[in-house]
2 protein chains.
Amino acid sequence: MEKVNMAEKFGLFADYWRPKIAGELNDSYIKLVKLKGEFVWHKHNDEDELFFVVKGMLLIHLRDRVFSLQAGEFLIVPRGVEHMPVAEDEVWVMLIEPKSTLNTGDVNNERTVDRLDRI
Amino acid sequence: MEKVNMAEKFGLFADYWRPKIAGELNDSYIKLVKLKGEFVWHKHNDEDELFFVVKGMLLIHLRDRVFSLQAGEFLIVPRGVEHMPVAEDEVWVMLIEPKSTLNTGDVNNERTVDRLDRI
């Protein structure tokens, strides 16, 4: 057992859109990821996904509206809901999602990360 | 769908040791709780539990050591591990745990909260 310090962990990597596993509990992973720019539209058919903003500002586009998340705010995107995260500047995000979750959901392209590193 | 702002939600209640449900995803709840003072020794036989400190400082006593968590730090207490949270001053904590989790785990006493409010 080790505690996790967010700022310290985020200091260990610089790449964007590649979530790192920072912890696991029950059937879920806690992942840390830095985002910058626009992702792809996708959905997760069987998994709800939580986005918690640690630093910066994250836009989560849905088909019918946009959520703007600041540090200290989170949004749960329910399974089946199409979404596209957009970070105008660098954002630090904690994700909570089932171990089975693929970052690009039902889409498989060059943004897909098959193997997650632990941090 | 609604985003959750931590500071705003914590501003809505003042009682200690009574977790509020702030979100649910997959089989888990996201709970917010204010702690002050000493809790009871307990364990969760089938559930891992995540403590994320939003504000203040939380001690988590295990039988063989103590973790000190500041804001921006989290600890996952695996199932079966006895623990006792202690807050010398008021602490704001986000918990992530299965919906089945009882706050006092395998102990049932006056600190047990059977029905959680949503916030």
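Q: Which residue stands opposite Glu24(A) in E3(A)?
A: This is a predicted model, and in it Glu24(A) stands opposite Tyr29(A). The strands concerned, E2(A) and E3(A), with E3(A) covering residues 28–38, pair in the antiparallel sense over five bridges.

Q: What lies between the strands of that hairpin?
A: Two residues lie between E2(A) and E3(A), and in this hairpin Asn26(A) takes a positive phi near 55°. Asn26(A) has this positive phi although it is not a glycine. For context, most residues other than glycine have a negative phi.

Q: Is Asn26(A) buried or exposed?
A: Asn26(A) is buried, because 21 other C-beta atoms lie within 10 Å, and 20 or more count as buried.

Q: And what about phi at Asn26(B)?
A: Asn26(B) likewise has a positive phi, of about 55°, and is not a glycine. Asn26(B) is found in the loop between strand E2 (20–25) and strand E3 (28–38) of chain B. Asn26(B) is buried, with 21 other C-beta atoms within 10 Å.

Q: Back to E2(A): how many bridges join it to E9(A)?
A: Two bridges join E2(A) to strand E9 (residues 117–118) of chain A, and these strands run parallel. Within this pairing, Lys20(A) has Asp117(A) as its bridge partner in E9(A).

Q: New topic. How many residues does each chain bring to the contact?
A: Chain A gives 22 residues and chain B gives 22 residues. On the side of chain A that touches chain B, at least two residues each come from several elements, including strand E1 (4–5), helix H1 (6–10) and strand E8 (83–98). The largest share, four residues, comes from E7(A).

Q: How do the residues on that side of chain A divide?
A: They divide into 13 nonpolar, five polar and four charged residues.

Q: Which strand of chain B is joined to E1(A) by bridges?
A: Strand E7 (residues 73–77) of chain B is joined to E1(A) by two bridges, and the two strands run antiparallel. In that pairing, Asn5(A) stands opposite Glu73(B).

Q: What rotation superposes chain A on chain B?
A: A rotation of 180° with 0.0 Å of shift along its axis does so, with an RMSD of 0.0 Å. The two copies are therefore related as by a two-fold rotation axis. The same surface serves both copies, since 95% of the contact residues of chain A recur in chain B.

Q: Which residue of chain A comes closest to the rotation axis?
A: Asp27(A) does, with its C-alpha at 4.4 Å from the axis.

Q: What is Leu58(B) in contact with?
A: Leaving aside its neighbours within four places in sequence, the contacts of Leu58(B) include Leu35(B), Phe51(B), Leu69(B) and Val93(B).

Q: Why is E4(B) described as largely enclosed?
A: Five of the seven residues of strand E4 (residues 49–55) of chain B are buried, so E4(B) is largely enclosed by the rest of the structure. Four bridges join E4(B) to E7(B), and these strands run antiparallel. Five bridges join E4(B) to strand E8 (residues 83–98) of chain B, also antiparallel. In E8(B), Val93(B) is the bridge partner of Val53(B).

Q: Which strands of chain B form a hairpin with three residues between them?
A: E5(B) and E6(B) do. Five bridges join E5(B), residues 57–62, to E6(B), residues 66–70, in an antiparallel arrangement. Ile60(B) has Phe67(B) as its bridge partner in E6(B).

Q: Where is Tyr16(A) placed?
A: Tyr16(A) is in the loop between H1 and E2 of chain A. Tyr16(A) is partly exposed, with 14 other C-beta atoms within 10 Å. Leaving aside its neighbours within four places in sequence, Tyr16(A) is in contact with Lys34(A), Leu35(A) and Lys36(A).

Q: Finally, what scores does the model have?
A: The model scores ipTM 0.93 and pTM 0.94. Chain A averages a pLDDT of 96, and 100% of the residues score at least 70.

How values were computed. Residues numbered from 1 in each chain as written. Chains lettered and ligands numbered in written order. Predicted model: local features only at pLDDT ≥ 70, side-chain atom pairs only at ≥ 80, totals over all residues. Contact = placed C-beta atoms within 7 Å. Nonpolar A, V, L, I, M, F, W, Y, C, P; charged D, E, K, R; others polar. Pairing = 2+ DSSP bridges. Least-squares fit on C-alpha atoms with pLDDT ≥ 70 in both. Buried ≥ 20, exposed ≤ 12 C-beta atoms within 10 Å, placed from the backbone. pLDDT = per-residue confidence, 0-100.
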